Amino acid sequence: MTRVFDEDLSAGFGTRAIHAGQRPEPLAGAIMTPVYLTSTYVQEGLGVNKGYEYARGKNPTREAFERNVATLENGRHGFAFASGLAALDSIMKLFRAGDHIVCGENVYGGTFRLFDKILQHMGLSFSYVDTRDPQRVADTITPATRAVLVETPTNPLMRLTDIAAVAEIAHRRDALLIVDNTFASPYFQRPLELGADIVFHSTTKYLNGHSDMIGGCVVVRDDELGARLAFIHNAAGAVAGPFDAWLALRGTKTLHLRMRQHDANGREIAKWLAEKVGHENVYYIGLPTHPQYELAKRQMSGFGGMISVELGSRDKAAHLLERVRIFSLAESLGGVESLISQPAGMTHASVPPERRAALGLSDGLVRLSCGVEDVQDLLADLEQAFEGMDGAGKGSKKAESKKAVTA
Ligand SMILES: Cc1ncc(COP(=O)(O)O)c(C=O)c1O
């Protein structure tokens, strides 16, 4: 099991981001951790080795990344996985048939799909609740509940959960609190400091930050929980490959710099959008008009670059998505480049339409992942893409036939 280097925990965030978990390589003193491309390690004698036996269990590149992220989350033990969903799937292996999980109702579509289409059939049961209200969580916990899982901020509706309040509720009933911290990143929010037991990420997003790999990670503080996860990590084997771990480790070195710029751009773009379409149609936790702005300020140190905008119809969403030039129409988020998507038809297509409607996740909702380009270029791009939107879809044969196909 990979444990942080305790001395790394005394440094500031930027210093941790650059150095934590890494020491000069012993052969030549390389300052960058090498990519250990090996499946096995030569043993000196029967039962005598350097602590490495087989690379599913341990890889030095992966360990450096695991220590780095665990230090950034102010945790103790880190585990790197092949994807965010692989990380979540392995967390769920802590539980047994008959166990019940309370889950936030607006989680990433793939999280819902994993629970609803796979794990439910293996005997776990899930209740989906609006975790903005901690009392709703308390009311949903049963004697079989073993964990509460929240994503905060949520994808894509930017709803928040009071992590400290829900941690207390979960612990009172002997349940673990699991937090998906992908949207905030540890630069802006550290759930373990607020009482969560397990934090996980799609490292595909902000932690790596360059849209060139898929990965996940899990961080905990508790040694016993760490040992159970270490067992699952090796036994189920959904581990990160060394090259992906190396890419992500290079990414985290600039996490603090990137997050500051995502946040600065996010604030400006959200303000501009609120003037364009009305603040009630802009979901950005850094707008004082966001209903949970006070909670955002309390449990986060910044707001980031994720914004959703309600445009009112699929045609208007398509108008914007098809005209942007710097924003790219693509799934995913958290990279240095700006992306734009329509969650209902893309990232959340696996959520049944009636569930999407109940949540307020409409066909006219557009999600922006504001990158770190010059903000005036991003604003100019949106300005030109919004032009003529009011007429979008009116009487257009193309729009009508598109509607028919969707239906
Ligand atoms: C909030 C959140 N959690 C988890 C995941 C799953 O991560 P991955 O795509 O790396 O499996 C995603 C992917 O978009 C996500 O947005």
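Student: In this predicted model, where is confidence lowest and where is it highest?

Tutor: Lowest is helix H15, residues 397-406, at a mean pLDDT of 40. Highest is strand S5, residues 176-180, at 99.

Student: What makes residues 397-407 a stretch to treat with care?

Tutor: Their pLDDT is below 50. The scale runs from 0 to 100. Where pLDDT is low, predicted coordinates should not be read in detail. Beyond near neighbours in sequence, the stretch has 8 contacts in the model.

Student: What is the mean pLDDT of the chain?

Tutor: The mean is 95, and 97% of the residues reach 70 or more.

Student: How do you know that the span of H8 agrees with a helix?

Tutor: Helix H8, residues 223-236, has 14 residues. The expected span is 1.5 Å times one less than that number. That should give 20 Å, and the end C-alpha atoms are 20 Å apart, so the two agree.

Student: Which residues of H8 are called buried, and on what grounds?

Tutor: Buried means under 20% relative accessible area. Leu-225, Gly-226, Leu-229, Ala-230, Ile-232 and His-233 are buried.

Student: Why are they said to lie on the same side of H8?

Tutor: They cover an arc of only 165 degrees around the axis, which puts them on the same side. On the other side of H8, Glu-224, Phe-231 and Ala-235 are exposed.

Student: What do the buried residues of H8 pack against?

Tutor: Helices H2 and H3, and strands S1, S5, S6 and S7.

Student: What makes the approach of Asp-222 to Glu-224 a polar contact?

Tutor: The cut-off for the N or O pair is 3.5 Å. A side-chain oxygen of Asp-222 reaches to within 3.2 Å of the backbone nitrogen of Glu-224, at the start of H8. The pair therefore falls inside the cut-off. At the start of H2, a side-chain oxygen of Asn-59 comes to within 2.8 Å of the backbone nitrogen of Thr-61.

Student: Why is H2 called largely enclosed?

Tutor: 13 of its 13 residues are buried, so H2 is largely enclosed by the rest of the structure.

Student: Which residues touch the most other members of the largest nonpolar core?

Tutor: Ile-269, Leu-273, Val-282, Ile-307, Leu-320, Leu-368 and Leu-382, out of 65 residues. Helix H10, residues 255-277, gives the most to this core, with 7 residues.

Student: Which contacts does Leu-320 make beyond four places in sequence?

Tutor: Its partners include Leu-311, Ile-340, Val-366 and Leu-382. Contact requires heavy atoms within 4.5 Å.

Technical notes. Residues numbered from 1 in each chain as written. Predicted model: local features only at pLDDT ≥ 70, side-chain atom pairs only at ≥ 80, totals over all residues. Heavy atoms only, no water. pLDDT = per-residue confidence, 0-100. Helix = DSSP H or I, 4+ residues; strand = E, 2+ residues; numbered from the N terminus. Core = buried A, V, L, I, M, F, W, Y, C linked by side-chain atoms within 4.5 Å. Buried < 20%, exposed > 50% of the residue type's maximum accessible area, 1.4 Å probe, protein only. Arc of directions from axis to C-beta. Polar contact = N/O pair within 3.5 Å; in protein donor to acceptor, adjacent residues only side chain to side chain.
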